[in-house]
Amino acid sequence: MTQTLTAPIPGLSDLTTTQELMTALRTLPQRPLQFHLHGEVLVPAGYHVTEVKAVTIEAMDCGGKANAWRETVIQLMDGSAEEAKAGFMTNRKFLAIYDRVVKHIPVRDEAEVRFEYGNATTPAMQYHVTHVDIASEQITVHLRTPGVQCKAGDSCGTPAEATSDGCAPDSGCCAPQAPISLG
């Protein structure tokens, strides 16, 4: 029987935190750990965890609002054909790698966790975690592709009146502008 730990993420604003995922993996017996996209295996057996990144992002949206947040990005890479024969990494081995990293870099529990993966046929991309399925034979982390959204939507075209920052609805402040010459 398959058990879902968390509900699928319906929108871009929902996220799976690093702590939620690691806690879920720690509560389970040792099982092969798979990563799926659209119900299919994305990362083949024999993969490696090549890097764990504690990322701080500082950004400003097109409406002029500054924001900062943290993400945990775990990079996965295909292994050799020989390593693939040995099967999928277990959740216990995955956690041992993660635990070794967090002794040396400040990974934040509240940060969204993403998985970065790509190979010769799949462009590298950072995937969001939607949910985790637990079956008697394996643990499956379900991923989704990232999306984009206008984070200044309320001040940049959605409301019926102009904002105090001068970004009037439908003014095009979020749209591409003419190139700026730095010369």
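## Helix α3: two sides

Lys93 and Arg100 are exposed, and they sit on the face of α3 turned away from its buried side. This is a predicted model. Which residues of α3 are buried? They are Asn91, Phe94, Leu95, Ile97 and Tyr98. Seen down the axis of α3, these buried residues fall within an arc of 160 degrees, so they line one face of the helix. An α-helix has 3.6 residues a turn, so residues three or four places apart point the same way.

What covers the buried residues of α3? The cover includes the helix α1 (18-26). It also includes the strands β2 (33-37), β4 (48-60), β5 (66-77), β6 (112-117) and β8.

## Helix α1

Helix α1 has its own buried residues: Thr18, Leu21, Met22, Ala24 and Leu25. Down the axis of α1, they fall within an arc of 160 degrees, so they line one face of the helix.

The cover over these residues includes α3. Strands take part as well, including β2, β5, β6, β7 and β8.

## The whole chain

How many helices and strands does the chain have? There are 3 helices and 8 strands. Along the sequence, they follow the pattern β-α-β-β-β-β-α-α-β-β-β.

The chain has 183 residues, and 36% of them count as buried.

## The β4-β5 hairpin

Strands β4 and β5 run antiparallel, and 12 bridges join them. Together they form a hairpin, with 5 residues between the two strands. Gly64 is in the turn. Its phi is positive, at about 90 degrees. Further along the pair, Glu51 stands opposite Gln75 in β5.

Ala68 is another residue of β5. Is Ala68 buried, exposed or partly exposed? Its relative accessibility is 48%, so Ala68 counts as partly exposed. Leaving out residues up to four places away in sequence, Ala68 touches Ile57 and Glu58. Ala68 and Ile57 are 11 residues apart in sequence. In space, their C-alpha atoms are 5.4 Å apart.

His36 is in strand β2. Is His36 buried or exposed? Its relative accessible area is 10%, so His36 is buried. Neighbours within four places in sequence aside, His36 is in contact with Val41, Leu42, Gln138, Thr140, Val141, His142 and Leu143. His36 and Arg144 are 108 residues apart in sequence. Yet they are 8.6 Å apart in space, C-alpha to C-alpha.

His38 lies in the loop between β2 and β3 (40-41). With a relative accessible area of 66%, His38 is exposed. The phi of His38 is near 55 degrees. That is a positive value in a residue other than glycine.

## Gln138

Where is Gln138? It is in the loop between β7 (125-134) and β8 (139-144). Gln138 has a relative accessible area of 18%. Buried means under 20%, so Gln138 is buried.

Which residues does Gln138 touch, not counting those up to four places away in sequence? They are Arg31, Pro32, Gln34, His36 and Asp133. With Gln34 there is also a polar contact, side chain to side chain, at 3.0 Å.

## Confidence in the model

The mean pLDDT of the chain is 83. Of its residues, 76% reach 70 or more. Which elements have the lowest and the highest mean pLDDT? Strand β1 (residues 3-4) has the lowest, at 42. Strand β2 has the highest, at 98.

Over residues 1-13 the pLDDT is below 50. Beyond near neighbours in sequence, this stretch has 32 contacts in the model. Over residues 158-164 the pLDDT is also below 50.

Technical notes. Residues numbered from 1 in each chain as written. Predicted model: local features only at pLDDT ≥ 70, side-chain atom pairs only at ≥ 80, totals over all residues. Heavy atoms only, no water. Helix = DSSP H or I, 4+ residues; strand = E, 2+ residues; numbered from the N terminus. Buried < 20%, exposed > 50% of the residue type's maximum accessible area, 1.4 Å probe, protein only. Polar contact = N/O pair within 3.5 Å; in protein donor to acceptor, adjacent residues only side chain to side chain. Contact = heavy atoms within 4.5 Å. Arc of directions from axis to C-beta. Pairing = 2+ DSSP bridges. pLDDT = per-residue confidence, 0-100.
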